[in-house]
Amino acid sequence: MAYSKKVLDHYEHPQNVGTLDNKKKEVGTGLVGAPECGDVMRLQIEVDPETQMIIDAKFKTFGCGSAIASSSLATEWLKGKSIDEALTIDNMDIVEELALPPVKIHCSVLAEDAIKAAIQDYRKKNNMPELVLEEKIVH
Amino acid sequence: MLKFPIYLDNSATTPMDPRVLDAMVPYYLDHFGNAASRNHPFGWEAEDAVDKAREQIAKLINCTEKEIIFTSGATEGDNLAIKGIYDMYARKGNHIITVTTEHKAVLDTCKHLEKLGAQITYLGVDSEGNIDLNELENAITDKTILVAIMYANNEVGTIHPIKKIAEITHKKGALLFTDATQAAGKISIDVERDGIDLMAFTAHKMYGPKGVGALYVRRKNPRVKVTAQMDGGGHERGMRSGTLNVPGIVGFGKACEIAMNEMDADAERLSKLRDKLDTALLSLEESYLNGNKNSRLPQLTNISFKYVEGEGLMMAFNQNIAVSSGSACTSASLEPSYVLKALGLGDDLAHSSLRFSLGRFSTEEQVDYTIEQVTKAVHKLREMSPLWEMFKEGIDLSTIEWAAH
């Protein structure tokens, strides 16, 4: 199976690889997946408490090229969005943007889960009400 | 000068040796006859060519020409041997013993027979892929008709002690079938010395053409027979019908002849290159060898690079270097290699494995380049890996509650 050009681009030049300081109140962390499943994604956001805008996003991913590309793309999309806008990112947007084949859709779901988990974590740290999220059963 | 892409996946298939192709070509164009045409020169030429190939093949494994049954490859050989013995020896018993790390062509054939009433024992292996010979001996009953154990494993290269396995098997009155797909032409096989009763092997793993293989079926001490699994013209002593693939068989014969002459030198050269690759890659932090270091195929190594995922790792260099991975990230089940799991590797290590298999045309320059590229890729992906970061911070990953998905 050949990779799409966009997956290759993200894989070769991943955007926003790194770690934010999780001790900071403004940082939310989402860690999803499991080593046994072959992919673990950690996505972090830093939010401006005044505006609720995401001012920075970083990721680290253990997984295949598509998982790495999905998380790299997610961090790009997150920056500059409010935490509410960020919730509207749908895994199918990632699938479309990266032209992921059906067997790789789970990578995009993981990225969406990671985004939501990061926002949830930020909200929890800042005493905001917990979000009720619908489960995406794709795995 | 390095030419790309570099091929280090010779356990999947080998390129043909040009000498093999040269031998085959005339049998497509001038000598195209059917080897079963007994009454004209076209048929005679084809038959002579097949006879010669039979000799070349028989010589490689020290059997007689009549003991070679041509097949389409090792999958067919595995099927014919196991199903053929099950049918032929039904009156004696219905019990077959095999191993969890066998190829799917053996395991799925056994599963198929299970549905038809066969009793199958699947022996486990230790962390290096070795079976326990006592366990084998204890598993054999008076209903056991066949022990099916591969000569060497395709994923990790572990070589089974076939001679000892044969002794145990025969002592208890069963037959021994071995799938020698990865071993034939790579290491010395002698069906007399080793005590093999049936053996499947194939041309395309030893620099011959795809689509042709052989099943060795012993004719003396004891005389073994398999029930044909395909009905037709009764070719190959009634055990495998179908017009013989003459050019393929000629190529297979030539490949065996070359292997006979060059196998030892190839093995010596390739094991040195493999050891160089091994030493360099195993010097990386948290990298682990899979298989039996002291009893494995000379041309193969399988290494897990902990905290990076195999397919993601391969992607860093697979435009230029072809290897394979135990990660099954693309499979629908997301299950990693069942062979590595049978060795007791956790799923995480199984997902992190790469298999490098060298071949006759591999060079030191290619190995050096591979070492450089793989090392670079492991570092790059670990920089990106949250698991690596946690490991470096001293976090025990097994204490984390992962969201199963």
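View 1. The secondary structure of chain B amounts to 14 helices and 13 strands; helices (H or I, at least four residues) and strands (E, at least two) are DSSP runs, numbered from the N terminus. The C-alpha trace of chain B spans about 75 × 55 × 35 Å along its principal axes. Its radius of gyration is 22 Å, which agrees with the value near 22 Å for a compact globule of 405 residues. That radius is taken over C-alpha atoms, and the globule rule is 2.2 Å times the number of residues to the power 0.38. Of the 405 residues in chain B, 58% are buried. Here buried means under 20% relative accessible area, exposed over 50%, and partly exposed in between (1.4 Å probe, protein chains only).

**View 2. A negative surface patch on chain B****.** Have a look at B:Asp30, B:Glu45, B:Asp48, B:Asp51, B:Glu55 and B:Glu65, which form this patch. Patch residues have over 30% relative accessible area and no salt bridge, with like charges joined within 9 Å and nonpolar side chains (Val, Leu, Ile, Met, Phe, Trp, Tyr) within 5 Å. A salt bridge is a side-chain nitrogen of Lys or Arg within 4 Å of a carboxyl oxygen of Asp or Glu. With a relative accessible area of 35%, B:Asp51 is partly exposed.

View 3. You will find B:Pro5 in the segment before strand E1 (6–7) of chain B. B:Pro222 belongs to the loop between strand E8 (213–217) and helix H9 (246–282) of chain B.

**View 4. Positive phi at A:Gln52** **and B:Glu286****.** Although A:Gln52 is not a glycine, its phi is positive, about 60 degrees. A:Gln52 lies in the loop between strand E2 (39–48) and strand E3 (53–62) of chain A, and is partly exposed at a relative accessible area of 22%. B:Glu286, also not a glycine, has a positive phi of about 55 degrees. Its place is the loop between H9 and strand E9 (287–290) of chain B.

**Notes for all views.** Residues are numbered from 1 along each chain as its sequence is written, and chains are lettered from A and ligands numbered from 1 in the order in which they are written. In this predicted model, local features need pLDDT of at least 70, side-chain atom pairs count only at pLDDT 80 or more, and totals for chains, interfaces and linings use all residues, while side-chain values use heavy atoms, leaving out hydrogens and water.

Key:
Areas by Shrake-Rupley, 256 points an atom, 1.4 Å probe, with all protein chains shown as cover. Lys, Arg positive; Asp, Glu negative; His and termini not counted. Charge placed at Lys NZ, Arg CZ, Asp CG, Glu CD.
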